4 protein chains.
Amino acid sequence: MTGLLDPLMTDPHVATIMSDEGLVRRMLVFEAALARAQARRGTISAEAATAITNAATIAHIDMDDLARATALAGNPAIPLVKMLTARTEAAGQPYVHWGATSQDVMDTALVLQLRDCFKVFAQNLQRLSDALAQMTSDHRTTPMVARTLLQHALPTTFGMKSAGWLLAINRTIGRLGEAAPRVLALQCGGAVGTLASLGADGTVIARDLAIELELVLPAAPWHTQRDRIAETACFCGILTGTLGKIARDISLMAQTDVGEVNEGAQAGRGGSSTMPHKRNPVSCNIVLAIAASIPNLVATILAAQVQDHERGLGSWASEWRTLPEILKLTSGALLHTTTMIENLEINSARMRANLDATNGLVMAEAVMMALAPHVGRLEAHHLVEAASKTAIADGLHLREVLASSAVTKKHLDLQELDTLFDPTSYLGSAQQFIDAALDAHRNLGKAMAFFDSLITHAVDRK
Amino acid sequence: MTGLLDPLMTDPHVATIMSDEGLVRRMLVFEAALARAQARRGTISAEAATAITNAATIAHIDMDDLARATALAGNPAIPLVKMLTARTEAAGQPYVHWGATSQDVMDTALVLQLRDCFKVFAQNLQRLSDALAQMTSDHRTTPMVARTLLQHALPTTFGMKSAGWLLAINRTIGRLGEAAPRVLALQCGGAVGTLASLGADGTVIARDLAIELELVLPAAPWHTQRDRIAETACFCGILTGTLGKIARDISLMAQTDVGEVNEGAQAGRGGSSTMPHKRNPVSCNIVLAIAASIPNLVATILAAQVQDHERGLGSWASEWRTLPEILKLTSGALLHTTTMIENLEINSARMRANLDATNGLVMAEAVMMALAPHVGRLEAHHLVEAASKTAIADGLHLREVLASSAVTKKHLDLQELDTLFDPTSYLGSAQQFIDAALDAHRNLGKAMAFFDSLITHAVDRK
Amino acid sequence: MTGLLDPLMTDPHVATIMSDEGLVRRMLVFEAALARAQARRGTISAEAATAITNAATIAHIDMDDLARATALAGNPAIPLVKMLTARTEAAGQPYVHWGATSQDVMDTALVLQLRDCFKVFAQNLQRLSDALAQMTSDHRTTPMVARTLLQHALPTTFGMKSAGWLLAINRTIGRLGEAAPRVLALQCGGAVGTLASLGADGTVIARDLAIELELVLPAAPWHTQRDRIAETACFCGILTGTLGKIARDISLMAQTDVGEVNEGAQAGRGGSSTMPHKRNPVSCNIVLAIAASIPNLVATILAAQVQDHERGLGSWASEWRTLPEILKLTSGALLHTTTMIENLEINSARMRANLDATNGLVMAEAVMMALAPHVGRLEAHHLVEAASKTAIADGLHLREVLASSAVTKKHLDLQELDTLFDPTSYLGSAQQFIDAALDAHRNLGKAMAFFDSLITHAVDRK
Amino acid sequence: MTGLLDPLMTDPHVATIMSDEGLVRRMLVFEAALARAQARRGTISAEAATAITNAATIAHIDMDDLARATALAGNPAIPLVKMLTARTEAAGQPYVHWGATSQDVMDTALVLQLRDCFKVFAQNLQRLSDALAQMTSDHRTTPMVARTLLQHALPTTFGMKSAGWLLAINRTIGRLGEAAPRVLALQCGGAVGTLASLGADGTVIARDLAIELELVLPAAPWHTQRDRIAETACFCGILTGTLGKIARDISLMAQTDVGEVNEGAQAGRGGSSTMPHKRNPVSCNIVLAIAASIPNLVATILAAQVQDHERGLGSWASEWRTLPEILKLTSGALLHTTTMIENLEINSARMRANLDATNGLVMAEAVMMALAPHVGRLEAHHLVEAASKTAIADGLHLREVLASSAVTKKHLDLQELDTLFDPTSYLGSAQQFIDAALDAHRNLGKAMAFFDSLITHAVDRK
């Protein structure tokens with residue numbers, strides 16, 4: 001059974017990876033790989049390793065039984081090892097989970113989940129980046145009003161706005177590349193991190209196990225040093241923040257009162273049970289909900305770094321429900337944003353109309369900057385502020401008010417005034433910034449190739 | 001299928017109530033009750049109401065279909081109403097969900113869940129309070145060392161410590177009683193809170209619906225005023241804080257190095273996969289994990305109060321996964337704490353031994369207070385501080401060091417010194433505080449009777 | 001020196017109360033009152049009490065010295081007691097802080113701060129409630145569009161919207177009344193909560209001290225049971241959530257694109273350094289900033305309940321900067337909201353214009369409900385949904401589209417259609433809900449009288 | 001005046017950098033550098049730039065006036081620009097803040113603060129890393145008990161424990177190196193991010209301004225893309241988590257009941273106002289308090305990424321008090337941890353004694369692993385578990401119980417048993433892990449050299 005809200009709020013691939021079965025599947029992968037690594041070293045026999053590998057399949061595990069046994073044992077590793085042992089042929093039985101501890105298998109299984117999630121993230125981030133680059137390129141000169149503190153401010157272009165989104169997404173792809181080599185590290189330390197039960201062979205077996213699992217081999221076990229986990233959560237927090245920013249902008253532009261964009265139509269989507277005319281911004285709703293939830297889940301993970309000695313009491317367990325939720329929700333926000341951007345309906349005519357809606361007030365700064373060299377910045381500010389108030393009060397266009405002002409007349413002729421009131425003449429460096437953003441997008445390929453080499457193995461989907 | 005960690009981290013009753021099915025079941029209860037309330041007013045026919053009531057059963061709902069349809073619609077109410085309509089006989093069909101909006105049925109179903117959760121909470125809080133009162137009474141004179149900043153400080157009794165836990169639990173029972181009449185309120189406002197589609201009959205139908213559902217009738221719809229929801233989350237946050245404090249104390253006392261208590265034994269529980277001698281504090285682990293998670297989930301709910309106009313974009317949806325998680329985890333912490341307290345193994349001998357472990361240092365204040373009237377508070381502090389350092393440095397009992405001090409000799413004879421070093425002679429008002437705590441416990445009955453009258457109806461268990 | 005952002009983000013009264021000096025002032029009040037309570041019992045002499053009372057004045061304390069000494073001692077109580085002792089005449093010197101511990105004076109001083117904050121809160125909540133009641137009454141029939149998920153939905157009135165705000169504020173006043181008797185409680189427990197150093201007199205002295213300070217006498221010391229503190233933080237969290245909801249609505253209505261309200265003008269306020277025409281919603285900006293910060297500060301306080309034994313390591317200290325910040329910011333949000341509501345400029349004409357902006361689409365539900373009895377709810381929904389799409393696509397008024405539909409014609413004549421498209425004819429129970437909200441407001445007097453009796457003493461302002 | 005708790009909870013350098021004056025000082029640095037960059041381009045005259053540079057000094061700013069004016073204006077940039085203009089000679093006056101917006105100067109001043117904070121962080125991280133490396137090296141073979149879930153588990157060494165701390169600190173130094181080039185970036189976008197008011201010269205002036213300020217020149221303005229700020233907060237959150245983990249371990253080891261370490265003595269430090277013998281872990285108290293506060297402050301910053309359009313309403317302002325608090329508290333935790341580690345008193349004898357306190361139970365795994373090849377892992381587990389229970393119940397040493405067991409006798413002789421019970425014989429790969437940690441420490445130099453080149457300029461201290 002799927003959770004009622006999972007199809008709505010998560011990426012289906014990540015939902016599978018981060019599901020209970022996804023975890024248990026990877027715990028079994030760990031146990032089988034451990035046995036093979038130990039067989040390579042001669043710690044256990046090849047038959048034992050084969051027996052364990054053969055038995056280590058999710059088909060043998062009754063998830064409801066496992067859940068019940070977990071309640072008694074305190075974690076799922078203890079009963080899973082028992083179940084696996086019971087299904088393993090005689091030669092292998094004594095060597096199931098040999099020398100490992102619950103946290104080794106749970107943490108490494110988590111890292112295997114993270115690797116597969118990162119792969120999905122990388123793919124969707126590339127898709128989103130491509131879609132944003134296309135949008136930025138398509139609308140680099142589409143004029144619209146820029147809004148500060150929800151007030152009309154100055155002209156900008158829609159491409160300039162999406163260039164900001166694009167650059168932030170690209171920076172976050174860079175962060176994933178930096179975090180991955182730290183995060184995708186084997187955890188194998190035995191009961192307290194010394195690998196005592198493997199005697200002199202600990203580091204060799206750990207190395208071979210890392211090779212088996214295609215994971216990074218860390219300098220030492222990290223079971224109660226959770227900075228790698230915290231870093232993963234922070235990555236998700238930073239990413240969903242950017243996604244939330246995109247959704248916030250789009251939802252504000254999609255207001256009935258603004259009408260500049262619309263989430264693309266899809267049959268049966270975004271309707272209201274009582275208001276048949278409505279086109280609700282369903283994706284924005286979900287992305288914003290997720291962006292509001294993730295920061296506090298990240299806080300739980302950050303705080304969970306304060307772990308006691310060689311196994312944290314409470315702190316480790318506080319990650320168990322929180323981290324999967326972070327990854328699932330992040331994936332959902334990313335997928336919704338990606339499809340939303342790919343299908344966004346853009347109403348350039350309305351953008352242009354809104355730019356004109358305030359009778360020239362958005363060009364006030366342009367006029368002020370033009371007057372400032374003549375009368376000083378503060379004086380120009382006062383003058384244009386006063387003219388703006390007159391324009392609002394009398395329902396006039398600001399150009400008209402200024403055109404009848406003695407000071408303005410003295411310094412600007414009517415043609416200059418007309419040019420000052422053309423929004424496309426007042427876009428500053430927008431085109432250069434857009435170029436820089438598109439350049440950054442074109443350079444993504446290298447980062448992505450690195451990922452492909454790092455993240456090769458996906459348990460659920462092979 | 002149960003979630004892998006649900007049996008470990010939640011109360012089974014609350015897990016059922018707050019499950020996806022628990023929600024959908026109550027959404028159907030709402031739709032049926034709405035139809036009956038409308039039939040009573042004559043808005044729809046009695047046949048229609050009967051047809052809807054008959055169809056409104058969870059047996060007709062395929063939860064996986066509903067999950068898939070929810071992903072498209074954006075919330076589960078829209079597809080559920082469609083499914084219900086499809087299962088309703090002709091007479092009822094046009095009147096399913098008549099005049100209501102998605103948030104009406106989702107919010108009221110949530111309130112029905114909360115009522116049933118509160119009932120479970122009240123029962124378990126009573127059990128916990130009873131167990132703590134018994135423990136307080138049993139151990140009112142069991143001496144142990146009090147610790148401040150994790151250092152031995154002065155003597156206290158175990159009953160004095162548990163009296164503090166008891167009083168906090170009782171205050172929280174009081175808070176539940178105050179919150180319940182605000183929280184357990186019908187939400188019925190139609191599309192935007194005006195009940196426009198019910199014409200002149202809105203308030204009458206709402207009143208009858210509240211009667212049907214045995215819920216409080218609020219002054220007005222509250223769909224985007226989420227203070228009632230925030231209050232519920234805060235209640236859970238305050239409660240789990242107290243439970244976390246209890247678990248923290250017990251886990252510190254259960255350290256191998258301290259050995260004053262142990263979580264009661266249970267077959268298959270608290271073992272380690274690699275260390276056969278271990279008795280892990282499994283309940284403390286879970287309670288502390290929950291107490292570390294809940295505050296941040298509460299923060300999400302508090303922040304979700306900032307809702308846009310007549311339906312919050314993102315903010316409302318951010319409650320959907322968060323609030324059930326809060327209630328489930330709170331219930332788990334409460335159940336774990338209750339059974340832990342009921343079965344706690346208390347080692348009075350070790351408590352007494354630990355009190356003596358520092359060679360009389362914990363009686364330093366007693367001596368200081370006895371000297372202070374003679375030499376002044378600061379001078380007494382310096383004197384005893386110096387003697388304490390000597391005792392530590394030379395491995396002597398503080399009494400010996402003081403007995404050989406000229407200043408001490410001048411003001412205290414040896415018999416007075418001996419009495420000053422008897423921990424049971426230095427418990428101040430502990431017994432009176434314990435009496436006050438047990439009094440407060442005895443007065444709980446009234447609060448509980450109120451609950452029983454308020455919370456009569458439980459959908460899952462009828 | 002004032003903090004740079006304090007005048008912008010806090011109420012000046014609360015800034016004074018919660019300042020460092022405000023804390024120290026009340027710590028001295030505690031020490032003096034303790035001495036007098038002990039003199040009444042005969043524990044110390046009347047001269048000693050007088051000497052301590054005379055010395056206990058903030059004028060004697062160099063705050064910078066105290067800050068430096070605090071860094072060494074680990075808390076401000078230890079050096080303050082030393083400073084106070086040094087300024088006390090001989091008779092009193094040995095008895096300064098007699099039998100008390102650092103946490104007694106710091107916690108009780110905090111409670112004295114809370115009492116004075118609550119007084120400011122109660123006054124401002126009354127002001128805000130009065131202003132909202134007036135606004136609700138004035139605009140009970142002012143039509144405007146209700147928006148769900150930021151889309152135009154149905155008509156409502158501005159008074160209906162503000163009635164929702166009013167009811168939430170009134171519920172929160174109720175919560176303050178319930179919390180106050182728990183929160184405003186003396187903390188006096190000595191080193192570990194037993195009042196051991198006061199011998200048999202502990203409870204009597206504590207009672208007299210509570211009388212001196214006009215605080216509630218609790219059943220027992222509560223130093224490591226922080227539910228009272230958590231409750232205070234939660235109150236602030238719930239309140240700022242409601243204030244944030246108000247600010248959110250107003251900021252959305254104040255968008256240039258909407259123009260329905262404006263924060264009242266004030267010289268020098270809300271300007272932009274570069275855009276002279278702008279009228280920024282400065283108060284909304286601050287209230288929303290605070291509403292975004294408080295939930296996470298509340299989470300810190302909730303988590304801090306998990307305290308070790310008889311003095312929490314880290315947990316208690318994590319409250320020291322967090323709780324004052326919560327109270328200061330909450331006060332700022334309350335004051336900004338109050339003055340904003342009192343001065344709000346309301347543009348009823350624009351409200352009415354916006355209602356008409358979608359060519360009748362907001363009346364779609366009204367038509368659907370009118371058709372539903374004839375053709376069934378789902379069929380009516382489909383029909384009106386299709387007509388809405390046609391209206392949008394062809395730029396027509398929905399009434400025109402429907403007027404030319406065969407089905408509509410069959411069931412509704414043109415006059416009925418006209419009535420259906422009059423927004424004021426489709427307000428359901430709005431007027432009754434407004435009446436209920438105004439009734440609730442009128443009943444506030446009683447709650448407020450209770451406060452006045454509870455909160456009589458304000459250290460800073462007498 | 002210093003805040004009462006600042007000397008206790010912050011690094012004095014960072015307190016200065018992140019103070020109100022530290023911000024304003026850097027805002028003035030921005031304005032002066034902007035003028036010079038514009039003079040270089042010829043936008044304004046050299047005299048104007050000189051006049052502005054001369055006037056831009058904190059000595060001219062009355063901070064209380066600025067605070068009051070900030071309350072009216074809504075941010076400190078608007079009144080500061082006015083004050084600066086008033087102090088600038090005629091030639092410069094019209095060109096103060098030319099083309100810039102409030103957020104440009106506030107964000108860039110923040111980045112300048114961050115650069116100087118990073119420098120302090122880098123220095124203290126190096127000190128801490130050095131001290132941990134020394135401790136790890138000194139105690140690489142000092143045996144102590146490893147504890148999991150607060151229960152004695154197996155032997156380890158103190159150097160192995162500190163190697164874990166060391167590696168985590170080193171990873172975080174790596175993170176700082178990765179974040180710095182993204183974070184230390186100029187913000188210069190004008191009113192809405194297009195630099196419209198600078199016409200065709202925007203990007204050139206921005207480049208020259210970045211050179212003036214020795215900051216990274218970003219691809220485009222990032223005012224409402226707050227991922228750089230979020231990343232900074234996350235860095236602090238990850239770092240304080242590691243510091244909290246260290247403090248947690250030390251505070252547990254410093255318990256009176258454990259006695260393995262003590263914070264180094266310092267006159268007047270760690271005393272208690274009532275218990276003269278106490279040596280409170282003052283630094284742990286502060287570090288743990290900070291580690292409990294930071295995650296929730298980080299959550300505020302993460303959530304603040306959801307910014308509206310070209311200037312966030314509420315979201316940007318929610319950073320203003322939060323980010324300085326994060327940096328100040330992080331610096332305090334880092335400084336406390338560093339001095340604590342440098343001065344830690346380590347009691348190796350007590351470590352050894354605690355290892356022996358459980359009558360050989362901590363060697364249970366060693367025996368189990370030795371028996372497992374003979375009897376199978378599960379059987380060995382059962383056998384040793386039973387023997388452990390007997391040892392506990394009868395107060396015997398585990399070796400004795402096992403020595404009298406038939407199964408044990410069959411597979412292990414007495415000499416083998418003795419070796420199995422020698423804790424130093426059961427340390428697995430601890431020494432190799434320690435070597436790897438020390439290697440990582442030795443490689444820090446390169447990362448640090450990079451920092452020195454990146455972070456050259458410190459406004460407060462030049």
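The model is a predicted one, in which local features need pLDDT of at least 70, side-chain atom pairs count only at pLDDT 80 or more, and totals for chains, interfaces and linings use all residues. Residues are numbered from 1 along each chain as its sequence is written, and side-chain values use heavy atoms, with hydrogens and water left out.

Chain A carries 20 helices and four strands, these being DSSP runs (H or I, at least four residues, for helices; E, at least two, for strands) numbered from the N terminus. Its C-alpha atoms fill a box of roughly 100 × 50 × 35 Å along the principal axes. Of its 462 residues, 69% come out as buried, a label for under 20% relative accessible area, with exposed meaning over 50% and partly exposed in between (1.4 Å probe, protein chains only). Of the contacts (heavy atoms within 4.5 Å) at a separation of 6 or more in chain A, 78% are made by residues 24 or more positions apart.

As for the core, the largest nonpolar one has 671 residues, and Phe121(A), Phe121(B), Phe121(C) and Phe121(D) have the most contacts inside it. Such a core is a set of buried Ala, Val, Leu, Ile, Met, Phe, Trp, Tyr and Cys residues joined through side-chain atoms within 4.5 Å. Beyond its neighbours within four places in sequence, Phe121(A) touches residues including Val14(A), Phe235(A) and Leu334(A).

Ala86(A) sits in helix 6 (residues 77-87) of chain A. Ala86(A) counts as exposed because its relative accessibility is 62%. Its C-alpha atom is 9.0 Å from that of Ala55(A), 31 residues away along the chain.

Technical notes
Chains lettered and ligands numbered in written order.
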